[in-house]
Amino acid sequence: MIPLMEENKHVARLLLNTGTCPRCVFRFCGVDFHAPYKLPYEELLNELQKFLETEKDELILEVPNPPPKKIRLQELEDERLDSLNQNGKGSLSVIAPENSNLNVCNVCLGILQEFCEKDFIKKVCQKVEASGFEFTNLVFSVSFPPQLSVREHAAWLLVKQEMGKQSLSLGRNDIVQLKEAYKWITHPLFSEELGVPIDGKSLFEVSVVFAHPETVEDCHFLGTLCPDCFKPAKNKQSVFTRMAVMKALNKIKEEDFRKQFPCPPNSPKAVCTVLEIECAHGAVFVAGRYNKYSRNLPQTPWIIDGERKLESSVEELISHHLLTVFKAESFNFSSSGREDVDVRTLGNGRPFAIELVNPHRVHFTSQEIKELQQKINKSSNKIQVRDLQLVTREAIGHMKEGEEEKTKTYSALIWTNKAIQKKDIEFLNDIKDLKIDQKTPLRVLHRRPLAVRTRVIHFMETHYVDAHHFRLYLKTQAGTYIKEFVHGDFGRTKPNIGSLMNVTADILELDVESVDVDWPPAVDD
């Protein structure tokens with residue numbers, strides 16, 4: 001049953017006679033429920049033709065730029081089907097031959113004709129299944145050429161004018177959007193073919209990008225009429241983006257548009273092509289804590305002037321295994337602070353998180369994650385990982401929250417130039433919540449802005465070793481430069497151990513004993 005009223009016949013016949021497909025006819029007649037769009041195209045065309053033939057006295061329509069003769073709908077449809085049967089649909093880029101009599105819709109450029117059919121859906125699904133991604137639902141997105149917006153605008157102005165003759169109105173919001181109609185038709189087909197639901201919140205996305213080279217110049221007149229709407233962008237090949245075109249169409253006057261672009265739009269020779277079909281999975285995140293036992297291992301790759309200084313890093317030792325198992329394209333590593341290359345991280349370790357970009361495998365049992373952790377730990381004696389687990393993007397924020405308020409505990413072996421006795425260092429044990437001012441250390445000025453930062457040394461505990469050495473345990477505010485607190489950094493950190501003891505002091509060894517961040521949650525072994 002065709003969902004049109006008698007009052008729609010005039011507009012429906014007008015659109016069909018000027019080369020508009022049945023589904024676009026429905027859109028411009030405001031049909032906003034799904035069922036009619038899902039009918040097979042040939043059946044839909046026949047039903048619409050019968051509906052329009054029920055009126056005995058056919059109206060003679062005044063149409064701007066009319067076609068040479070009235071389109072014989074059924075004959076053209078038969079020719080379309082014959083053409084498709086002869087040429088096949090083996091390619092994902094579907095384009096009609098130049099000498100074909102295919103009745104390509106002058107509004108949707110074939111989107112609601114060729115690309116809603118089951119054959120095309122199957123080809124997309126074959127690509128999805130061959131991509132190797134693991135998914136339980138998906139989001140399907142399409143990108144249409146920007147000139148479709150121009151053609152829709154032209155068709156809207158035509159219909160609006162004709163309806164005005166009947167004292168009826170048609171706002172742009174009354175038209176069913178092309179993407180909506182396409183979604184109504186294709187989503188059930190994709191879901192049925194792949195056996196998973198379509199979910200707008202899914203991390204797995206299948207995207208189809210359409211183009212129509214034949215009509216690419218449809219937008220160009222807008223650049224002359226509304227030059228301020230089209231500004232070059234570094235990451236865009238053309239200034240005629242969909243958003244820019246829509247901005248110009250909202251701005252341009254109707255009479256100016258009509259002077260520059262035909263209403264109705266001309267019928268093209270070929271349907272759209274498919275530029276690409278892409279599958280991508282949103283990032284997944286793995287978190288845990290790491291211990292570093294080597295004094296010759298940086299946290300991240302140590303590369304200076306393009307030359308690698310050390311063969312590996314904490315980041316690489318962990319991420320290598322994750323990339324392999326998750327079949328991800330790349331990764332981003334973050335952590336709660338960082339230690340120098342010659343500093344060990346002991347105790348419960350330092351929290352870290354790794355973002356795995358475009359992973360092909362995403363579902364793991366807790367046992368599989370535990371086995372992955374064991375594999376990482378067996379691969380190197382320089383690091384160990386604990387509490388490895390999958391987390392959400394939002395959860396990673398907990399690692400960075402209140403960074404300045406968090407505390408860290410260190411153990412440092414200190415040398416003094418003057419001979420000392422145990423009593424010379426005992427006064428340090430009584431100092432609580434000592435505020436120090438640290439100018440950005442010389443050793444990190446190349447990557448940190450010059451500033452003076454106030455930090456707090458919450459407490460210190462000393463262990464005498466010999467006349468020139470003692471061990472200092474200290475708990476500090478996160479972000480404190482411990483080495484500079486010991487040797488003073490040429491007076492850039494005040495006060496410092498050297499100034500407090502009235503000696504020249506230096507640090508020989510430094511260990512991170514604890515990073516007081518209650519994240520990620522502990523995992524039972």
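A surface patch here is built from residues with over 30% relative accessible area and no salt bridge, with nonpolar side chains joined within 5 Å. Keep that in mind as you click around, and remember that this is a predicted model.

**Stop one: the nonpolar patch.** Select Leu442, Leu445, Leu450 and Phe490. Together they make a nonpolar patch on the surface, with about 460 Å² of accessible area. Now zoom in on Phe490, in the loop between helix H15 (482–487) and strand E14 (493–494). Is Phe490 buried or exposed? Exposed: its relative accessible area is 79%, and the cut-off for that label is over 50%.

Next, pick Asp340 and Arg443, whose side chains meet in a salt bridge at 3.0 Å, N to O. Asp340 sits in the loop between strands E7 (330–335) and E8 (344–357), and Arg443 in the loop between E11 (432–439) and E12 (452–466), so this pair ties together parts 103 residues apart in sequence. Asp340 is partly exposed at 22% relative accessible area, and Arg443 is partly exposed too, at 34%.

**Stop three: strand to helix.** Show Glu355 and Arg393, a salt bridge with its closest N and O atoms 4.0 Å apart. Glu355 belongs to strand E8 and Arg393 to helix H14 (residues 393–400), so the link spans 38 residues of sequence.

**Last stop: a network.** Select Glu509 and Arg471, which form a salt bridge at 3.8 Å, N to O. Glu509 is in strand E15 (residues 505–515) and Arg471 in strand E13 (residues 469–477), so the pair ties together parts 38 residues apart in sequence.

Conventions
Residues numbered from 1 in each chain as written. Predicted model: local features only at pLDDT ≥ 70, side-chain atom pairs only at ≥ 80, totals over all residues. Heavy atoms only, no water. Patch = residues over 30% accessible without salt bridge, like charges linked within 9 Å, V, L, I, M, F, W, Y side chains within 5 Å. Areas by Shrake-Rupley, 256 points an atom, 1.4 Å probe, with all protein chains shown as cover. Helix = DSSP H or I, 4+ residues; strand = E, 2+ residues; numbered from the N terminus. Buried < 20%, exposed > 50% of the residue type's maximum accessible area, 1.4 Å probe, protein only.
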